[in-house]
Amino acid sequence: MMQRTPLLTTKGWLVFIAAALVAAVLIPVLATQPAPGSIFRVPAYLVPLFGKYLCYAILALALDLIWGYAGILSLGHGAFFALGGYAMGMYLMRQIGTRGVYGDPVLPDFMVFLNWRELPVVWWGFQNFAYAAFMALAVPGLLAAGFGWFAFRSRVTGVYLSIITQAMTYALLLAFFRNDMGFGGNNGLTDFKEILGYDIQAPSTRLGLYIVTAVALGLSFLVCRFVVTTRFGRLLLALRDAESRVRFIGYSTTGAKLFVFVLSALLCGLAGALYVPQVGIINPSEFQPGNSIEVAIWVAVGGRGTLVGAILGALVVNFIKTWLTGAAPELWLFALGALFIVVTLAMPNGILGLVAQAKQWRRPPSAPIAETVHD
Amino acid sequence: MPSGPEQSDQICWRGFQTVRLIRALLFVGLLLVPLTGRAANLPDADFSKLVAGLAGDGFDDKIAAIDGLGASGDSRAVAILKALTDGKLAATEDKQMLVEGDNGSFTDAVTGAPVTPAAEPDRIRVNNRLRGQIDGALSHLTLYSADPADRMSAAAEALHHPSLDGVPALDKALAAEKDKDVAAALKLARAAGLLQSPDAAQRLAAVDELAASTDSQVRGLLGELIGGHESDPKVIAAAKTALAKIERQLTYIEIGINLFQGLSLGSVLLLAAIGLAVTFGVMGVINMAHGEMIMLGAYTTFVVQELFRAFLPASLFDLYLVVSVPAAFLVAGAVGVALERTIIRFLYGRPLETLLATWGISLMLQQLVRSIFGAPNKEVANPSWMTGGFQIMGGFTVTWNRLVIIAFGFIVLGVLVLVLRRTNLGLHMRAVTQNRKMAAIMGIPTDKVDALTFGLGSGIAGMAGVALSQIGNVSPNLGTIYIIDSFMVVVFGGVGSLVGTLAGAMGLGVVNKFLEPFAGAVLGKILVLVAIIIFIQFRPRGLFALKGRSVEA
């Protein structure tokens, strides 16, 4: 029997704990303890921004799990993310209650505006947080299960899968734009007041949400890491590199791909549900195919098939995006476009790949080559 | 409208009361005007007499004069009646009628000669009853208007308010009518009026005439006839047959309209997808920047249009589109070749990386165009030979720009097939895609062929941009609208098969348009997308899948 790969090496655990401490303890302390105006003080507006980045990091992690390990490039992950976000948004809408513009205790404002008389069935139960949280995972999970079952069973792979996942998110985009879908149409859901009884605008709530997101990211990373270090993870790698061969050996590729696809969708739903209370709005533009494609570039920038790289890539690219869209908005699309091209042409293994190359370069012969990634 | 006890009272009452005047007017026309007259101008003496009547003592005299003018069909009457409504018509002591101009000067109402009246002339006052009468007279005069469109709308108006009393006036207008379409509309209105005839034979003839129509108004009239006031069984039977025929015709027309719109949408999809069928289908490159090639073509059209406006006489403007087609092909094709040489050739065999890199290219091209031309939509004019359209049947109009685009789509596809099958370049392209190494051994310059193939696909996308600029806005994100549709068409039709692309585009276009009446435009589109996603599950290689081992590559 082959020896099982450890979840993380000792060094890996040290890095993980250090990163977790910085994200979940140091930043919250810096956001509250130093006096306002001190150079160590993290300004209040940065907290939800960091929270947003961490949500993106979970999303990137989810995509890396299926793209980097199983070779499935989904261009519809933004859809799972948005569905999770909508489920959370529906809970937050129900919490507004009579504080809405029309003051209707049951119906959200946009429904009153559309002259609806009663709450649609799909909205039932969303005043309950536990139910909404469950749906934030269940809806993306079920969609992924249904979609994946059809797609993997008929062996739709590679580019074809990418294109139909893109069509899926595009269809959802069109659907959610419709007012009679009952999800707020073009404007989506916004103007939230409170979550679990806490004022959603209050710095303390935002900090709480940020910490929850950081913890969720850490746990998601460990789950993904667990999956890829098991025997099952090796099967995924084999699937990525030679799917037909794996099938001929006798493995059920459909089941394996379906499992990892659904797990990935659940992570997306989680990220979306954490994202919405922090940014305060969810609307159909989250379904735009471009968003889903952008996730792929985060993963590619960090380094495919490494998990850590996905998190790194999501953070780096989004930091650059925030900075550049503020400093020189017309340059952002040039920069993003160039990033797509440079990464695919010059650094196929992303930032982590460059780091590994640099190490190898310094002490050439002995270091084993990292898991290679190609189609 | 309550029916008055006496016919003549009712007439006045209606003229006074309602806006739907044409029936009353047509009736009065019958009373006052000799039936044999053609719609030429009256002799001056008669006309003057009618005009002088406008200054008559009582309102009844005035009404008679107004109706007389209305029924006369005299083209001079319009200006006079309008002056009357505006209170600009005046009469001198000796009953000379004058029209007051804007600056207070007067002209003779009949001859138009300038007049300086000795004393201040009396303005002719109008009340509401007269105004109603004047409006009616004016709308009747449009039956003789010089503009066929005016006459057409007057005929349609007559059809919507059919009356037996109006028939003679319609007969008269019909005798003078030279335009075929207007004459047909007048005949229809006349037949609709004759339905009220006391003579069953006349009603039967009218029903027969109406059966040829496809106007929904006629359907309503026949329905009323069957449901209510018809007693003659022969007429009822004929009306039922006619109604069934009309219903059938209307169904055909609806199918025809859907089919044409479907083909029109299909040809747009076809144009958008043919280029992709080359780059994706033949070369296997997932070109996410394909939409931006279309966009470049549309902007090339815009630039060519502006150049024509700036440097060439207006008479040549209509030719700008003809020049745009090769210009767009060259621009987009050159960009395509440049991209292939600098980026895409390093990514052959790595489809997912190609996808990401070309997506990056598309973002940069969009931003580049936005920086150069600005974000707002650019307006591209239809040349005159692409505006307007013609009517095939009632309610079924074919517009020239749609027709030209359908034809253009097929021509582009045809030329591409010829290039692939009949030229050296096509031979080389097919050789390289089928077996690159063997082709290289045979001395085919594979690098050059790759670049040219990609350039060809991009150039075709550019030509699609020319067509799309004619039916929609030209904006930096024009391409993003079509990219998903294009991929759907190619994947649905079968990658690598031009027949499949054609079938896919037309099929999706037609299905979309037939779904629209039931589901609405957006839901229809969603249904089509879902249908394709499900379809791919059963035929992962599309409608016209390539057979053999190459597909598993």
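Colleague: Hi! What are the ipTM and pTM of this model?

Modeller: Hello! This is a predicted model, and it scores ipTM 0.84 and pTM 0.76.

Colleague: Thanks. And what does pLDDT average over chain B?

Modeller: The average for chain B is 81, and 90% of its residues score at least 70.

Colleague: Which elements of chain B have the lowest and the highest mean pLDDT?

Modeller: The lowest mean belongs to helix H1(B), residues 7-17, at 43. At the other end is helix H14(B), residues 320-342, with a mean of 95.

Colleague: Where in chain B does pLDDT stay under 50?

Modeller: One stretch is residues 1-39 of chain B, for which the model has 70 contacts beyond four places in sequence. Another is residues 549-553 of chain B, with three such contacts. Where pLDDT is low, the predicted coordinates should not be read in detail.

Colleague: Good to know. On to the interface: how many residues of chain B are in contact with chain A?

Modeller: There are 34 from chain B, in contact with 38 residues of chain A.

Colleague: Which helix of chain B gives the largest share of that side?

Modeller: That's H15(B), with 14 residues. H15 (351-373), H20 (478-493) and H22 (521-538) of chain B each supply at least two residues of the side touching chain A.

Colleague: And how do the residues on that side of chain B divide by type?

Modeller: On the side of chain B that touches chain A, 26 are nonpolar, five are polar and three are charged.

Colleague: Switching to chain A, how do H11(A) and H12(A) cross?

Modeller: Their axes come within 7 Å and cross at roughly 115°. H11(A) covers residues 289-302 and H12(A) covers 308-327. Angles of 65 to 115 degrees count as roughly perpendicular, so that is how H11(A) and H12(A) lie to each other. The crossing of H11(A) past H12(A) is right-handed.

Colleague: Which residues meet there?

Modeller: From H11(A), they include Ile297(A), Trp298(A) and Val301(A). Among those they meet in H12(A) are Ile311(A), Leu312(A) and Val316(A). The residues of this contact between H11(A) and H12(A) divide into eleven nonpolar, three polar and no charged.

Colleague: Last one, back in chain B: where does Leu250(B) lie, and how exposed is Leu250(B)?

Modeller: Leu250(B) lies in helix H12(B), residues 233-282. The C-alpha atoms of Leu250(B) and Arg219(B) are separated by 9.7 Å, with the two 31 residues apart along the chain.

Definitions and conventions. Residues numbered from 1 in each chain as written. Chains lettered and ligands numbered in written order. Predicted model: local features only at pLDDT ≥ 70, side-chain atom pairs only at ≥ 80, totals over all residues. Axes fitted to C-alpha atoms, helices over the stretch in contact; angles between N-to-C directions. Helix = DSSP H or I, 4+ residues; strand = E, 2+ residues; numbered from the N terminus. Parallel < 35°, antiparallel > 145°, perpendicular 65-115°, else oblique. Left-handed = near helix turned anticlockwise from the far one by under 90°. Contact = placed C-beta atoms within 7 Å. Nonpolar A, V, L, I, M, F, W, Y, C, P; charged D, E, K, R; others polar. pLDDT = per-residue confidence, 0-100.
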